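Good morning, and thank you for making the time.

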Amino acid sequence: MNASPHILAHGVCVDFTVAGRITRVLNDVSLSVPKGGFVSLIGPSGCGKSTLLKVLAGLLPPTSGNVSVAGVAPIEAVRQRRIGIVFQEATLLPWKNALDNVALLMEVAHAGLSNDEIRGRASDMLRLVGLERAAEKRPAQLSGGMRQRVSIARALALDPEVLMMDEPFGALDAITREEMSDFLLGIWERTKKTIVLVTHSIDEAAFLSREVHVMASNPARIIEALPIGLPYPRNEESYAAPEFARATARLRRLLKEGHRKAA
Amino acid sequence: MSAVIDDPAASVSAINDAGPAPGVRARDAMSRFMPAFVLFVGIVVVWEAVSRIFKLPEFVLPAPSSIVRVLVARQRDLGYAAWITAQEVVSGFLLSGIAGAAVALIIARFATFGRALYPLVVLFQNVPKVALAPLFILWFGFDLAPKVVLIVVIAFFPVAINMLVGLQTVDTNLIALMRSVGATRNEILWRIQIPNSLPYLMAGLKVAITLAVIGAIVGEFAGAQAGLGYMIQFASTQMQTSLVFAALVEVSVLGMLFYYAIEWIERRYIDWMPHAA
């Protein structure tokens, strides 16, 4: 484990210009995530948590402030394939089967690899997410949870150090969400990736993360970084642990306070 | 594969399997086309009855029976005319498809040039192109060429616009992912935008094929020595109204054959889009 933080943001501000008026969508945000950490960003809709993730993932340059991922600027980290991204929608190609969808980014990124090598790695990734038997199926034939697992396999295929996930389970039903939480913890424990997860589910944030950053809007900022003391590996019983109840109660109160102040 | 799909489970199994057994498929097709067939027969029967009861003169509105008689008696002339028109339609349609797809690709790929080209394409679309037919006759003579040119100017627009929409309605997050691994614009175009645009292209081609038939007929009206449009015009000046209708029947059948040919290609090769009935 590295002593210096894997992801570091300091004084990050983002301004959007809408119809000639400048709006501050992110105000003086700082956070740090250790290597192999699991951090969630939680907050009400429009609090800028997705914007913050975009900044960390190198998809959006901050207006001011410093961001580094694995010691370099996010855009550089993306170029070095250190960052894998998973969106709320699986964003798969409907005309390609699961295997070819997983292979898509590799085909572009590793033009030097042979087709067999790429296919081999893609099927390893499908096995990792438990979909080896769905390799030939197209997205339309897969459930929402399975599609999102293909999307995660596609991100893992490039072997990034960091997985940035923007409400990856937001479009799924409650039962599938809990299954996907267990699944994601399993992936995290096996691959030792650093994970940053944007979510609006208190239970999801508390169950999965080592630390939850609670955000509030107007101005969008982080109001507290709450460590979750639940021991890993976490499972069904973790939901019943006193530490889980304490954490979710605290998160609920923080979100309400942030909301009241904003209103 | 192409049956009416009501519930998602059925659609999944339709994609999964090669399709239902042939007997089932035939029965499906029967039940699909039965209502249209019954309506068609009904209209023909009423038409026949009206023209007999009111004793309409044949040069005003011929009865279906006399149209059929002409269809049989003049089948060689009609067949030759249909062959000429079909050549115009097919070559004009193919060129429309190529021109429309090329315009869409240029606009999508070269943003600046696209911004210059797009308004001109829209401007040109608002020229009543049927009015250009006499010009094309003047420039290109009486044979195939002026009809093909007329078809292209009429039919390329829906192809271009539909394909352009398909090239541009690509998930921005997916584009961001592709960029993040260093994909070039050409790679994104080839791997994502073009396949994504194919169902839209097919929708444009279906509009284009019907416009191509109209273009061929109008082109022949403006000046021709053969073809179904030429025959319609010639027969109407001779008061041979039954022959006019017989030629119309052949035009319609031709248009329908082309349309379903395209739909067959679509179902066969672009099988990731759920099909409406």
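What is the mean pLDDT of chain B, and what percentage of its residues reach 70 or more? The mean pLDDT of chain B is 88, and 90% of its residues reach 70 or more; pLDDT is the predictor's confidence in each residue, from 0 to 100. This is a predicted model, in which local features need pLDDT of at least 70 and side-chain atom pairs count only at pLDDT 80 or more, while totals for chains, interfaces and linings use all residues. Residues are numbered from 1 along each chain as its sequence is written, and chains are lettered from A and ligands numbered from 1 in the order in which they are written. For the complex, the predictor gives an ipTM of 0.83 and a pTM of 0.82.

Helices here are DSSP runs of H or I with at least four residues, strands are runs of E with at least two, and both are numbered from the N terminus. Over residues 1-18 of chain B, pLDDT stays under 50. Where pLDDT is low, the predicted coordinates should not be read in detail.

I turn to chain A. Chain A contains eight helices and nine strands. A compact globule of 263 residues would have a radius of gyration near 18 Å, and chain A agrees, at 18 Å; the radius is taken over C-alpha atoms, and the rule is 2.2 Å times the number of residues to the power 0.38. The C-alpha trace of chain A spans about 55 × 45 × 40 Å along its principal axes.

Next, the interface. In total, 16 residues of chain A are in contact with 17 residues of chain B, contact meaning C-beta atoms, placed from the backbone, within 7 Å. Helix H3 (residues 98-109) of chain A gives the most to the chain A side, with three residues.

Finally, how do two helices of chain B pack? Helix H3 (residues 64-73) of chain B and helix H11 (residues 241-269) of chain B meet at an angle of about 75°, their axes 8 Å apart. H3(B) and H11(B) are therefore roughly perpendicular, a term covering 65 to 115 degrees. Among the residues making this contact are Ile67(B) and Val70(B) of H3(B), and Phe245(B) and Val249(B) of H11(B).

Terms used
Contact = placed C-beta atoms within 7 Å. Axes fitted to C-alpha atoms, helices over the stretch in contact; angles between N-to-C directions. Parallel < 35°, antiparallel > 145°, perpendicular 65-115°, else oblique.
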